[in-house]
Amino acid sequence: MIIFTRVQELQDHLNIVQDQQKTIGFVPTMGALHEGHLALVKISKKSNDITVCSIFVNPTQFNDPGDLEKYPRTLENDSKMLESVDCDIIFAPPVSEMYSAAELELKRQKVEDKDWTGGKTVDFGQLDKVMEGTQRPGHFNGVAQVVSKLFRIVKPNRAYFGQKDFQQLAIIRSMTQQLGLPVEITGCPIVRESDGLAMSSRNVRLTATERKVAPLIAKTLFSVKEMKEKHSIAELKTFAEAQITSEPLMQLEYFEIVDAETLQPVSNYKEAKSIVACIALKLGSVRLIDNVIL
Ligand code: AMP
């Protein structure tokens, strides 16, 4: 496994890989890795000659500076974990390698930087107007900005994203298509702890008491999935909201049942081919999201 921190050095290496007609699979992450991330690397390894995993805590997708500061950074342990699954390349650049001072200044002034589109018009329509989009202004613009930069640097044949971030996956599919980037996007299943809690880098910030009640999130989603045969969507929403608000440590941000393609809320099961229940809440000071396809 080779670790690169400089764009030019990574590209010099990948140019040789591409000249040899080898395929590149890419797993973008923000580090603090867990089994969920490793699952993406394993899936990539099955379909590609070389797998690149990036570790970069992207400042432009954080709307809360405190959250950015507190985000766990564990490069040494991450490297060991990636080595254990035979990842070929880690790309762990410093912020200065990914962003110019001017780009960071725009972020500091909370101005949405649209320069990443390379002059093209990228419009996410309603995809970024719901759920995470309303709770975290500017978040998806920052995600699209960094992923488009990473795609241009790594030039992967395929890229792998978790369905844990269901809305992010939809945004990245849309961005890739609108920019005409030749990357195949694959969504991968959510990896959970044995008690159902979706794995997340943020879970380590939960206190012991918070960690004990955290499985209620997945338990509620799984109950909703079971209940769908006999209950209306309105009833599922009432049930889920009551479950979460009954736990004093949890503050619900949203629970939505949406069309899996358009992410627009649905009011009956016939409105969409595939439906997904999405939740976001704060458990103590930690913001958690999860979802289940109904
Ligand atoms: P992050 O480091 O949180 O930005 O996540 C990097 C990638 O890992 C994203 O595509 C996430 O959706 C994915 N991911 C995070 N947690 C999980 C999980 N529990 N199961 C599957 N994929 C995940």
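Predicted model: local features only at pLDDT ≥ 70, side-chain atom pairs only at ≥ 80, totals over all residues.
## Helices α11 and α12

Helix α11 spans residues 216-227 and helix α12 spans residues 233-245. The two pack at an angle of about 160 degrees, and their axes are 10 Å apart. Because angles over 145 degrees count as roughly antiparallel, α11 is described as roughly antiparallel to α12. The crossing of the two helices is right-handed.

On the α11 side, the contact is made by L216, I217, T220, S223, V224 and M227. The α12 side contributes L236, F239, A240, Q243 and I244. By class, eight residues of this contact are nonpolar and three are polar, with no charged residues.

## Helices α1 and α8

Helix α1 (residues 7-19) packs against helix α8 (residues 139-154) at an angle of about 50 degrees, with the axes 9 Å apart. The two helices are therefore oblique to each other.

From α1, the residues making the contact are V7, L10, Q11, L14 and Q18. From α8, they are R152, I153 and V154. Five residues of the contact between α1 and α8 are nonpolar, two are polar and one is charged.

Q145 lies in helix α8. Its relative accessible area is 2%, so Q145 is buried. The side chain of Q145 is joined to that of T60 by a polar contact of 3.0 Å. When residues up to four places away in sequence are not counted, Q145 touches T60, Y99, E103, D113 and W116.

With a relative accessibility of 2%, V143 counts as buried. Leaving aside neighbours within four places in sequence, V143 is in contact with N58, Q61, Q168 and I172. The C-alpha atom of V143 is separated by 9.2 Å from that of F62, and these two residues are 81 residues apart along the chain.

S200 is placed in the loop between strand β6 (184-188) and helix α10 (208-213). Although S200 belongs to a loop, its relative accessible area is 14%, and S200 is therefore buried, the limit being under 20%.

The side chain of S200 reaches the backbone nitrogen of R202 at 3.0 Å. Beyond its neighbours within four places in sequence, S200 is in contact with H34 and K164.

## Loop residues with positive phi

D86 is not a glycine, yet D86 has a positive phi of about 65 degrees. Its place is in the loop between helix α4 (75-84) and strand β4 (89-91). At a relative accessibility of 53%, D86 counts as exposed, because the limit for that class is over 50%.

K155 is another residue other than glycine with a positive phi, in this case near 45 degrees. K155 is found in the loop between helix α8 and strand β5 (158-162). Its relative accessible area is 43%, so K155 is classed as partly exposed.

Definitions and conventions. Residues numbered from 1 in each chain as written. Heavy atoms only, no water. Helix = DSSP H or I, 4+ residues; strand = E, 2+ residues; numbered from the N terminus. Buried < 20%, exposed > 50% of the residue type's maximum accessible area, 1.4 Å probe, protein only. Polar contact = N/O pair within 3.5 Å; in protein donor to acceptor, adjacent residues only side chain to side chain. Contact = heavy atoms within 4.5 Å. Axes fitted to C-alpha atoms, helices over the stretch in contact; angles between N-to-C directions. Parallel < 35°, antiparallel > 145°, perpendicular 65-115°, else oblique. Left-handed = near helix turned anticlockwise from the far one by under 90°. Nonpolar A, V, L, I, M, F, W, Y, C, P; charged D, E, K, R; others polar.
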